[in-house]
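Let's take a guided walk through this two-chain model together. Have the viewer open, and follow along from the domains to the sheets, the helices and the symmetry.

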Number of protein chains: 2
Amino acid sequence: MRSEFEFINHIKKTYALKHIGDDCAALPKDDKTDMVITADLLVEDIDFRLDWTTAKFLGHKALAVSLSDIAAMGAKPTWALLSIGVPEKIWKGDFLDEFYEGWHGLAAESGVELVGGDISRVPDKIVIDSVVSGDVAKGKAVLRSGAKPGDAIYVSGELGGAAAGLALLENGLRYSDLLIPEQLNLLKEQLAPTPQKGFTFQTFPVTSMIDLSDGLSSDLAHICSASGVGAKVFLERLPFNSNLDAIGLSPERKVDLVLNGGEDFELLFTVDEKKISPQFLVEFHRIGVVTANVGIIEFIDGDKTTVLEPKGYQHF
Amino acid sequence: MRSEFEFINHIKKTYALKHIGDDCAALPKDDKTDMVITADLLVEDIDFRLDWTTAKFLGHKALAVSLSDIAAMGAKPTWALLSIGVPEKIWKGDFLDEFYEGWHGLAAESGVELVGGDISRVPDKIVIDSVVSGDVAKGKAVLRSGAKPGDAIYVSGELGGAAAGLALLENGLRYSDLLIPEQLNLLKEQLAPTPQKGFTFQTFPVTSMIDLSDGLSSDLAHICSASGVGAKVFLERLPFNSNLDAIGLSPERKVDLVLNGGEDFELLFTVDEKKISPQFLVEFHRIGVVTANVGIIEFIDGDKTTVLEPKGYQHF
C-alpha cells in the first residue's frame, strides 16, 4: 500500500504542482509580501476523541496545529477559515459555542481573524478543516529545502510531552483536578498545545524549518529529503519534556516519545553556524548537525551510533 | 433549534467578524487587487452518495461548488486547497486518483492551481473541504448587499436541473448508457455541474450577486436580507431547465424544483436597469424586480400574487 507521502508526491508530479511540499504554500501577495497558507483536517476518533477532550480545548487545538505550520514558514498569522461538520446531536448542544470560544481565545492572542469557512451536517463523526494564512517578507518564507552540511540543528522547546499526554489518555486518565500538576501539564500539551511564533525567527540565520507534528524522526527526515542532506542527532542533547520524569516511564519509552511521539508543535530548524548569535545558546536546543550523508540520520548515544528511521505518525 | 444561518449570525456578532456574510470573504491583496476566498465542506451521505456518483464526477463537483462562490463575487479563480479524508478501504483503490483527475480536469479549464491541502484517514464516511481563492479589482467584489429598489433581477441560466437529477437518483436511476439524453443531462447537472464565470460580469452594472446553491427562494432571500430590500418574481419569466419536460413531472413539481431545488450553480444577480446593455436581453433571464417591500418576496403567477418563503436546502 502506498504511503500518504508517496501519494502526495505522485499527485505533485502528475499535475506539476510547484507549491506542494512545505508546511505551507508560499504565494506572491504584493511587492513586499508573500502570503503563506495551510490546511489541517482533524477527524473525530482519528485525531481526537470527545471523551478525552473538551469542546474548548478542541477549538484551541484546531487553530494551534495550523498556526504551527505558519510558524514553520517564519510567517506571521493573519486570517483563517474554519470548516466544521457536526452530527445533529452535537448541533443541538453547547459544543459549537464552546468550540468557537476555544478557537477565538487563541485567535485573539495570535492576531488571527476568522474570515470564512463552512458548517455542515455529518452522519456521525465530527470533522474540522482548519485553514490559516500568514504574511512573510517577499522571498523570506523558510522552506524545508535549505539545510546545508555543517548547519546546526535546533529545536525550539521540549519534546515528548504531547505523546506522553496521549499515553496518559490511553491509560484512562482524564483532565481533572484529581491529577498531579505534571500529569495535567502533559495532558494540556496533547489537548491544547501552544504553537511557536516562527515570525520572531526572521532575524536568525535559519536555513530550513518544519514544525514537529509527526515526530522528530519523521520531520527531520522530511528536511533531509527536501534539502538532499543527512543529519547527526545526539541523545544527550535532546530536550526531554520536564514532566516526563514524574510519570514512571522507562528510559527507552521516554527516548521513543521524544524521537517519534509527534504533536509537540515545537519548531525544528537548521541554522548557519558561522552566522549564529549567542541568543541560540540560551533560547533553543542544539540537538545535532546537518551532514552530507544524504538521507541518513545518525543517532549518537555516547560512543554508539545507530541509524534513526522515521517512525512518526502517518495516516496511511 | 437554531438554524445554521442563526448560528453563523450569532458567531459573527459575538466575535465582531466583518468578513462573514457573502459567498466569499474579500480581503485586500495589493494596490490594485482584492483576493476572495471560500470554503465548502462536502460530506458522504449528506452531500453525495458513492453509489450515485463516480470519483471523477465528485472531484469535478468539489471544485465546481467553490468556483461558483468565486464567480458570485465577480472574481477570477486563481488557486485552491483541497483537504480530503477517506477510510482505508477507499485509500487502497483507485478512488483518489480518479477524484484528483476529475478535480484537475475542471481546474485546468478554470485556470486554478492546487497549492495545498491535507489528506487524512477517517473512520467511515468521506469528507472533502474545498477552498478556492480568486482575484478581483480593488473594491469591485460584488456583494449580496448592493441591491436597490428598481433594480432588475436576473439569473444566468436554466433552473431546476440539478434538483430534478437528484430526484432521478432518488428514484433509482444511475448515470449509464441506458438512459435518454434528457435524463443524462439532468443527472450531469446534479453530479458534475458547470459553474459560471462571474468575472466576465465586471463590465455589467451588477449591484448584488449570489450563486444559486441553496435554491432560488432561499438565495434571493439572502440578497433581500443583506440589501434591506424586497423582490417580485414572475413565474412566466422563470427559466425552466429544458430537460424537465422529458421526465413526466407535474407542473407544480417543476415550479417547486425551479424555486427551491438548489445546486444549479447559476448566478442570481441584480442590475441597475438605467445602465443596462441590450446584451442582457439575450444572454440572461430577467425574472423580476427589486422592491422596497423589505424582506418580502412576492411571487406573481398571472394575476395571482403569493409570498415566496425560503424553502431551499439547510443543513440545520
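What distance separates the centres of domain 1 of chain A and domain 2 of chain A, taken over C-alpha atoms? The answer is 22 Å. Before going further, a word on conventions: this is a predicted model, where local features need pLDDT of at least 70, side-chain atom pairs count only at pLDDT 80 or more, and totals for chains, interfaces and linings use all residues. Residues are numbered from 1 along each chain as its sequence is written, while chains are lettered from A and ligands numbered from 1 in the order in which they are written.

**The two domains of chain A**

Domain 1 of chain A covers 4-137 and domain 2 covers 152-307; these bounds come from an automatic or database domain assignment. Across the boundary, 19 residues of domain 1 of chain A are in contact with 20 residues of domain 2 of chain A (contact: C-beta atoms, placed from the backbone, within 7 Å). On the domain 1 side, helix α2 (residues 55-72) of chain A provides the largest share, eleven residues. Helices (H or I, at least four residues) and strands (E, at least two) are DSSP runs, numbered from the N terminus. Sorted by class, this side of domain 1 of chain A has ten nonpolar, five polar and four charged residues. Here Ala, Val, Leu, Ile, Met, Phe, Trp, Tyr, Cys and Pro count as nonpolar, Asp, Glu, Lys and Arg as charged, and the others, Gly among them, as polar.

**Sheets and strand pairs**

Now turn to chain B. Five strands build an open sheet with mixed pairing, in the order β1-β2-β5-β3-β4 (chain B). Its edge strands are β1 and β4 of chain B, each pairing on one side only. Neighbouring strands here are turned by 20° against each other on average, direction ignored. Pairing means that DSSP finds at least two bridges between two strands.

There is also an open sheet of seven strands in chain B, ordered β7-β9-β6-β10-β8-β11-β12, again with mixed pairing. At its edges stand β7 (206-211) and β12 (304-307) of chain B, each with a single partner strand, so one side of each is left without a neighbour in the sheet. From one strand to the next, the twist averages 25°.

| Strand pair | Bridges | Facing residues |
|---|---|---|
| β7(B) and β9(B) | five bridges | B:I210 and B:L268 |
| β1(B) and β2(B) | four bridges | B:A25 and B:I37 |
| β6(A) and β10(A) | four bridges | A:Y154 and A:R286 |
| β8(A) and β10(A) | four bridges | A:K232 and A:V289 |

Helix α2 of chain B has a place against both sheets. α2(B) lies across β2, β3 and β5 of chain B, running at about 30° to β5(B). This helix, residues 55-72, also lies across β7 and β9 of chain B, at about 170° to β7(B). For these angles, axes are lines fitted to C-alpha atoms, for helices over the stretch in contact, and angles run from 0 to 180 degrees between N-to-C directions.

**A crossed helix pair**

Two packed helices are described by the angle between their axes and the distance between the axes. In chain B, helices α5 (residues 161-170) and α6 (residues 181-191) pack at about 105°, with their axes 7 Å apart. α5(B) and α6(B) are therefore roughly perpendicular to each other (the label covers 65 to 115 degrees). On the α5(B) side, the residues that meet α6(B) include B:G161, B:A164 and B:L168; among their counterparts in α6(B) are B:L186, B:L187 and B:E189. This contact has eight nonpolar, four polar and one charged residues.

**How the chains meet**

Between the chains, 48 residues of chain B are in contact with 48 residues of chain A. β4(B) gives the most to the chain B side, with eight residues. By class, that side has 28 nonpolar, nine polar and eleven charged residues.

A rotation of 180° with 0.0 Å of shift along its axis superposes chain B on chain A, with an RMSD of 0.0 Å. The two copies are thus related as by a two-fold rotation axis. The superposition is by least squares on the C-alpha atoms of residues with pLDDT of at least 70 in both copies. Within chain B, B:D30 comes closest to the axis, at 2.5 Å (C-alpha). Finally, 100% of the interface residues of chain B are also interface residues in chain A, so the copies meet through the same surface.

How values were computed
Two residues are in contact if their C-beta atoms, placed from the backbone, lie within 7 Å. Angles under 35 degrees count as roughly parallel, over 145 as roughly antiparallel, 65 to 115 as roughly perpendicular and the rest as oblique.
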